[in-house]
Amino acid sequence: MQFDLNKSIEILERTPHTLEAMLDGLSNEWIRSNEGPETWSPYDIVGHLIHGEKTDWVPRLEIILAQKGDRAFVPFDRFGQFAENKKTLKQLLNEFKAIRTVNIERLRSKNLTERDLALTGKHPAFGEVTLSQLLSTWAVHDLNHISQISRVMAKQYKSAVGPWIEFLGILQDKS
């Protein structure tokens, strides 16, 4: 599939509702468990998504569209969510839904053209990237973390499924 802004927005709009349906009201064993040392729980992942909404996607979009200076992106702190992790999951889900709604409205308000989508910014690790690549990545980043949440949760029952583990790819180590 080629990049299509409207198709990306379809994913971006649904992610907060998907996470709310998956996680709201679950016990701490589901939302605070992870896959081991230096891995993230579903709670941590929602915090990460919020941090990205505040400091990554739209700020980088604005840098690209401004086309001023060297168009360098500020490096993204992939662990920034841990600076403020005193909220309940319900509060995080509501915050994510609110900020994502604002960010999608901002994205739509740009009335992006094919020319805009070809504009570039400078990623600290990858160098020159296009706006369409940034926006594609935003949508896939959501899907990646939805998958990660599912995997982390499934692995909580890894030993409980007994012999069915053979048929549950989500529980297989892919190393």
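# Exercises on a predicted model

H7 gives the most to the lining of the largest pocket, with five residues.

**Exercise 1.** Describe the largest pocket by its volume, its lining and the elements around it.

*Solution.* Step 1: the volume. The largest pocket holds about 390 Å³ of space.
Step 1: the residues. The lining has 17 residues, and those closest to the centre of the pocket are Trp 57, Arg 60, His 123, Phe 126 and Thr 137.
Step 2: the elements. Two or more lining residues come from each of helix H3 (42-55), helix H4 (57-66) and H7.
Step 3: the classes. Seven of the lining residues are nonpolar, seven are polar and three are charged.

**Exercise 2.** State which secondary structure elements the protein chain has, and in what order they come.

*Solution.* Step 1: count. The protein chain has seven helices and two strands.
Step 1: order. Along the sequence the pattern is α-α-α-α-α-α-β-β-α.
Step 2: extent. The C-alpha trace of the protein chain spans about 55 × 35 × 30 Å along its principal axes.

**Exercise 3.** Decide how H4 is directed relative to H7, and list the residues in their contact.

*Solution.* Step 1: geometry. H4 and H7 pack at an angle of about 170 degrees, and their axes are 10 Å apart.
Step 1: direction. Angles over 145 degrees count as roughly antiparallel, so H4 is roughly antiparallel to H7.
Step 2: residues. H4 brings Trp 57, Val 58, Arg 60, Leu 61, Ile 64 and Leu 65 to the contact, while H7 brings Leu 131, Leu 134, Leu 135, Thr 137, Trp 138 and His 141.
Step 3: classes. In the contact of H4 with H7, nine residues are nonpolar, two polar and one charged.

**Exercise 4.** Work out how H5 is placed against H7, and which residues meet.

*Solution.* Step 1: geometry. Helix H5 (residues 89-109) packs with helix H7 (residues 131-154) at an angle of about 155 degrees, with the axes 14 Å apart.
Step 1: direction. That angle makes H5 roughly antiparallel to H7.
Step 2: handedness. The crossing of H5 past H7 is left-handed.
Step 3: residues. From H5, Arg 100, Asn 103 and Leu 107 meet Leu 135, Trp 138 and Asp 142 of H7.
Step 4: classes. This contact of H5 with H7 has three nonpolar, one polar and two charged residues.

Terms used. Residues numbered from 1 in each chain as written. Predicted model: local features only at pLDDT ≥ 70, side-chain atom pairs only at ≥ 80, totals over all residues. Heavy atoms only, no water. Axes fitted to C-alpha atoms, helices over the stretch in contact; angles between N-to-C directions. Helix = DSSP H or I, 4+ residues; strand = E, 2+ residues; numbered from the N terminus. Parallel < 35°, antiparallel > 145°, perpendicular 65-115°, else oblique. Left-handed = near helix turned anticlockwise from the far one by under 90°. Contact = heavy atoms within 4.5 Å. Nonpolar A, V, L, I, M, F, W, Y, C, P; charged D, E, K, R; others polar. 1 Å grid on protein atoms, 1.4 Å probe; cavity = no way out; pocket = protein on both sides within 12 Å on 5 of 7 lines; lining within 4 Å. Points joined across faces, edges and corners; volume = space filled by probe spheres on them.
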